[in-house]
Amino acid sequence: MNYNKRTIRDVDVSGKKVLLRCDFNVPQDKKTGEITDDKRIRAALPTIRYLLEQGAAVIACSHLGKPDATFADFVKKQVEKGRKAEELTEADWRKSLKKLSMAPVAQRLGELLGSEVILAEDVIGPDAQAKAAALMPGQLLLLENTRFEKGETKNDPAVSRALAALAGEDGVYVSDAFGTVHRAHASTAGVAAFLPAVSGLLIEKELEIMGKALTDPARPFVAVMGGAKVSDKIGVISNLLEKADSILIGGGMAYTFLKAQGFEIGASLLEADRLDYAREMLEKAAKLGKRMLLPVDTAVHTAFENVETPRYVDVDAIPADCMGLDIGPKTVELFAEAIRGAGTVVWNGPMGVFEMPAFAEGTKAVARALAESGAVTIVGGGDSAAAVEQLGFAEKMTHISTGGGASLEFLEGKELPGVACLLDK
Ligand code: ADP
Ligand code: MG
C-alpha cells in the first residue's frame, strides 16, 4: 500500500469550496448530551484553520454515533432490545436522531475557533445545498451527521456524488478523519471518485510516521505486542513479525504463547483454538532469525481483581488456581533491554490489566523504556493510547495514533479505503 499521498499543502484551495471529512465522533453525556471529551474536535483545528486562512470555504462533515438512518432500522434495533414494534412511532425515531445531531459539535467548534460555525439541518438535502451554495471563502459550514443518510455506510455513489456536488465544480475533498479510514463509506472513500482528494494534517502525520515504520523503519525495529487476545491481533502479529527485527509479547495474549511452549498457565487467559497459530508464529520467528521474546515472570492472583501488592512468579511456577495479570520485573528488564537499542518501536496492547493499579506496573515500565529509548516510538490501539495517557507518558512518544480500529488495520498492513482513495504524490 502506498502511504505517500498528496496533502492540503499540495493543492491550491484559495477561493474554492472544500469538503472536509473530520472525525467528530465525540463521547457525550447520555442524559444531557454534553460533550464529555472534545479532544477530537481540538485535533481537527489545525487543518480547519489552515484551510480557512488559505481562503477556502469549508464544508465540514462527520458521523456521530450509530443513528438509525431509516424508521425500519430503528424498529429492528429496538425490537432486538426487547421493545414491541407496535409501540414504536416515527416520533420516537426522530427523537433518537436528535440525540445524535451535530448541533453540540457545531457549538463547541465555534467556541474553540472563536468564529461562527453554520450548521446545516441535513447532510445532502435542500438546507445543506442552499447553505453550501451561499458559503463564502473563510466561512465554515458543518453538515448534519453523515450517518443520517442511509447510503453513507453502504458507500452509495448517489450520496458520494451529492456530497461532492456541495463543493461545486472546482471543489476539493480533504480527508482528515483517521479514525474512519478503514471504513469504505460514502463520506470517507466514495466521495473521492468525484473530487480531487487529498489528506488533511492529521492523516498526513499518521501516514508519514506509521507509513515509514512499515516501509522503511530506522532499525532495529522492535514490535511490542500485548492486550487481551491473540485472536484480535493475528493480523498485526503476522505483519509485524515480517517487518520487525524483534517482537516482544506481553499482556493477556502472552499466556497462549507460553502454553504453546509447554508452560502450565493456571487460570490465565487461554485461547485454546489459537495454540496452533502461536506455535506457528514461534516457529516462523525462529526460521526468519527474528527474536521473539515472551514473559519470563508474571504477576498472579486468584481472581480478576486489584490487590494491595502484586505477587510475582516465574512462568514455570504459575499456581494452578492463579491467573497472570501483568508481566513481572524480570520480564520488564528483558523487554527494556531489547527496546534500549531500537531505532523504531511500535507498541500495540497493554502489558497487563493496567486498569487495576497493581497490574499497571509492567505497562508503565514499558512506556518508560519507550520514552527513554531515543527511538521513533509509535503507539497504536485504543486501549494502548489510553494507557500511555493515563500513565503520563503521552508527551514522550513520537506518535500516538488517534484511530483505534484504523491504527490496528494500518499495522496489519491492510489496504485502508480512506487512504487508498487519496491522490498519490
Ligand atoms: P488495544 O485497544 O490497545 O489494541 P486491546 O484491546 O487488545 O488493546 O487490549 C486491552 C485490554 O487487554 C485491556 O483492557 C487490559 O486490561 C487487557 N489485558 C492486558 N493484559 C491482560 C491479562 N493478562 N489478562 C486479561 N486481560 C488483559
Ligand atoms: Mg482495545
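What share of the contacts in the chain with a separation of 6 or more comes from residues 24 or more positions apart? The share is 73%, where contact means heavy atoms within 4.5 Å. This is a predicted model: local features need pLDDT of at least 70, side-chain atom pairs count only at pLDDT 80 or more, and totals for chains, interfaces and linings use all residues. Residues are numbered from 1 along each chain as its sequence is written, chains are lettered from A and ligands numbered from 1 in the order in which they are written, and side-chain values use heavy atoms, with hydrogens and water left out.

Start with the overall fold. The chain holds 15 helices and 15 strands. Both are DSSP runs numbered from the N terminus: helices are H or I with at least four residues, strands are E with at least two. The radius of gyration is 24 Å, close to the 22 Å from the globule rule for 425 residues, so the chain is as compact as a globular protein of that length. That radius is taken over C-alpha atoms, and the rule is 2.2 Å times the number of residues to the power 0.38. Along the principal axes, the C-alpha atoms fill a box of roughly 70 × 55 × 35 Å.

Now the surface. The chain exposes about 18400 Å², and carbon and sulfur atoms supply 50% of that area. Accessible areas come from the Shrake-Rupley method with a 1.4 Å probe; for residues, only the protein chains shown count as cover. Of the 425 residues, 54% are buried. Buried means under 20% relative accessible area, exposed means over 50%, and partly exposed lies in between (1.4 Å probe, protein chains only).

Next comes the ligand. Ligand 1 is surrounded by 19 residues, each with a heavy atom within 4 Å of it. The closest are Lys233, Gly324, Glu355, Asp383 and Ser384. By class, the shell has 6 nonpolar, 10 polar and 3 charged residues. Here Ala, Val, Leu, Ile, Met, Phe, Trp, Tyr, Cys and Pro count as nonpolar, Asp, Glu, Lys and Arg as charged, and the others, Gly among them, as polar.

A backbone N or O atom of Gly252 is 3.2 Å from a nitrogen atom of ligand 1. For Asp383, a backbone N or O atom is 2.8 Å from an oxygen atom of the ligand. Taken alone, ligand 1 exposes 590 Å², and the protein buries 86% of that. Strand E12 (323-327) and helix H13 (382-390) are the elements that give two or more residues to the shell. H13 supplies the largest share, 3 residues.

Lys5 sits in the segment before strand E1 (17-21). Is Lys5 buried or exposed? Lys5 is buried, because its relative accessible area is 7%. Its side chain reaches the backbone oxygen of Ala420 at 3.5 Å. A polar atom of that side chain also lies 2.9 Å from the backbone oxygen of Leu422. Beyond four places in sequence, the contacts of Lys5 include Asp10, Leu207 and Lys425.

Asn145 is in the loop between strand E4 (140-142) and helix H6 (157-166). Asn145 is buried, with a relative accessible area of 0%.

Arg311 belongs to strand E11 (residues 311-314). Arg311 is partly exposed, as its relative accessible area is 46%. Arg311 and Ala299 are 12 residues apart in sequence, and their C-alpha atoms are 5.4 Å apart. Leaving aside neighbours within four places in sequence, Arg311 is in contact with Thr298, Ala299, Val300, Pro319 and Cys322.

Terms used
A polar contact is a pair of N or O atoms within 3.5 Å; within protein, one must be able to donate a hydrogen and the other to accept it, and residues adjacent in sequence count only if both atoms are side-chain atoms.
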